[in-house]
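Me: Hi! I have a structure open and would like to talk through its fold with you. Could you walk me through it?

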Amino acid sequence: MGYVLRLSELKPLIEDLTALGLNVVVGAADGEVAFCVYLPKVEEDLQKLWREFLLNYANALKAKHDLPISVEDKVEWIELQVRTA
């Protein structure tokens, strides 16, 4: 059996994601949990800055938390996928 993730292991990550006060949507599928942090609806120039900031923040969380996390840049959100199995 591979890596099994307990819900308590996600709590610090969830706290860090919600610290920004942005909309975070959580979804789960077989073997992963995905956290989508939506970019604020602002002017294009500001949205580019937010995207860069959120990508850096997501990568910092990846480095901070000892979890199997991957980061993806989507059109309207930044997605952190955590392998659970």
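Predicted model: local features only at pLDDT ≥ 70, side-chain atom pairs only at ≥ 80, totals over all residues.

**Strands, helices and how they pack**

Me: Which residue of β4 is the bridge partner of V71?

Reply: That's L80.

Me: And how many residues does the hairpin use to join β3 to β4?

Reply: Three residues make that link.

Me: OK, zooming out. What order do the elements come in from the N terminus?

Reply: The chain reads α-β-β-α-β-β, with two helices and four strands in total. Its radius of gyration is 13 Å, close to the 12 Å from the globule rule for 85 residues, so the chain is as compact as a globular protein of that length.

Me: What size of box do the C-alpha atoms fill?

Reply: Roughly 45 × 20 × 20 Å, taken along the principal axes.

Me: Back to the strands. In what order do they sit in the sheet?

Reply: The order is β1-β2-β4-β3, in an open sheet with antiparallel pairing. β1 and β3 (69-73) are the edge strands, each pairing on one side only. From one strand to the next, the twist averages 20 degrees.

Me: How many bridges join β1 to β2?

Reply: Six, between β1 (residues 24-29) and β2 (residues 32-38), and those two strands run antiparallel. V24 has V37 of β2 as its bridge partner, and G27 stands opposite A34, also in β2.

Me: What about the turn there, which residue takes a positive phi?

Reply: G31 does, with phi near 90 degrees. The hairpin of β1 and β2 has two residues between the strands.

Me: Switching to helices. Which strands does α1 lie across?

Reply: α1 lies across β1, β2, β3 and β4 (77-83), and runs at about 10 degrees to β2. As for α2, this helix packs on the sheet and touches β2, β3 and β4, with its direction at about 170 degrees to that of β3.

Me: How do α1 and α2 sit relative to each other, and at what angle do their axes cross?

Reply: The axes of α1 (residues 7-18) and α2 (residues 44-64) come within 11 Å and cross at roughly 160 degrees. Angles over 145 degrees count as roughly antiparallel, so that is what α1 is to α2.

Me: Is that crossing left-handed or right-handed?

Reply: α1 passes α2 in a right-handed crossing.

Me: Which residues make the contact?

Reply: On α1 they are L13, D16 and L17, and on α2 they are Y57, L61 and K64.

Definitions and conventions: Residues numbered from 1 in each chain as written. Heavy atoms only, no water. Axes fitted to C-alpha atoms, helices over the stretch in contact; angles between N-to-C directions. Parallel < 35°, antiparallel > 145°, perpendicular 65-115°, else oblique. Left-handed = near helix turned anticlockwise from the far one by under 90°. Contact = heavy atoms within 4.5 Å. Pairing = 2+ DSSP bridges. Rg over C-alpha atoms; globule rule 2.2 N^0.38 Å.
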